[in-house]
Amino acid sequence: MPFPGAPLLNAGEDPRSVLVAVDLQGDFLPGGSLGVPDGDAILPLANRVAAHFRNLVLTQDWHPPRHVSFASSHPGRHPLERIALPYGPQILWPDHCVQGTLGARLSDALDMPHAQMIVRKGVHPTIDSYSTFYEADRTTPTGLVGYLRERSIERVYLLGLATDFCVAWSAVDAVRAGFRTFVIADACRAIDVDGSLARAHTDMAEAGVRIIGSADLGL
Ligand code: VGL
Ligand code: ZN
C-alpha cells in the first residue's frame, strides 16, 4: 500500500484520478502577451503525461475584453502593478486570453484529443480567476468541483502554466474541495514576479498539496 499522500503509480489508469492541464494557451507561451519563460518546454512532457490519463480536463483562461485584471482597464496603471479590488489585492496583467482571440486558443502543439472537459475561467468582467475551481472572490464556483465529484474523482493531478498562479491556486482549491492533490512540477513553469513562486510553494505546502515529478508517475 502506498502511503496516503503518495501518487498512484497507475494514476493514469485509475478511474478516480484526473489530470488537469492548466492554461496551455498561446498567450502564456513565449511570444504570447503574457508569455511564461520556457513555457513551451513543458509541452512534449505534458502530452506524454496526458496520454496516460483516462480522465483529462483542460483549463482555459478566458477573459472578456476590458477585463478587470488587465492594466489597460485602469487608466494610468501598468502591468505587474497591484491594485485593491473589492475581493482583495489584484496584480494587473497585460491584456491576455481574450475570448475568441488567437492568443486564447489552446496551443496547436497540444496532443490531448481525449480531453473530456474544458473549463473556461476568468469569464466575469469584474472578477479574476487563477483557480479553475473558484474565482478570485473565493466563492464564485466554476462548476469543476461538482463535475469531478459527480464522476467520483478522488485524486487531482495538475500540470501547466503558470506554477505560481493558475496551477498553485487550482491545487490549493482542489485540496480544500477534498481531493488528494499532486502538482507535477517538471511539467509546470512559473511567471515568478516579486517572490510569487516561493509564496506559491509555501501556500501549496501549507494546504497539503504534494509536489511530485513526472517520474513519480511511473509512466
Ligand atoms: C494566469 C496570470 C493571469 C495563469 C492567468 O494562467 O497562471 N496568470 N491569468
Ligand atoms: Zn488571466
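Guide: The model is predicted, so local features need pLDDT of at least 70 and side-chain atom pairs count only at pLDDT 80 or more, while totals for chains, interfaces and linings use all residues. Residues are numbered from 1 along each chain as its sequence is written, and chains are lettered from A and ligands numbered from 1 in the order in which they are written.

Ala 21 and Leu 158 have the most contacts inside the largest nonpolar core, which has 56 residues. A core of this kind is a set of buried Ala, Val, Leu, Ile, Met, Phe, Trp, Tyr and Cys residues joined through C-beta atoms within 7 Å, buried meaning that 20 or more other C-beta atoms, placed from the backbone, lie within 10 Å of a residue's own. Among the elements giving two or more residues to this core are strand 1 (17-22), helix 1 (43-51), strand 6 (155-161) and helix 4; helices (H or I, at least four residues) and strands (E, at least two) are DSSP runs, numbered from the N terminus. Helix 3 gives the most, with eight residues.

Helix 4 (residues 196-207) has twelve residues and reaches 16 Å from first to last C-alpha, close to the expected 16 Å, that expectation being 1.5 Å times one less than the number of residues. Gly 208, with a positive phi near 100°, follows helix 4.

Key:
Buried ≥ 20, exposed ≤ 12 C-beta atoms within 10 Å, placed from the backbone.
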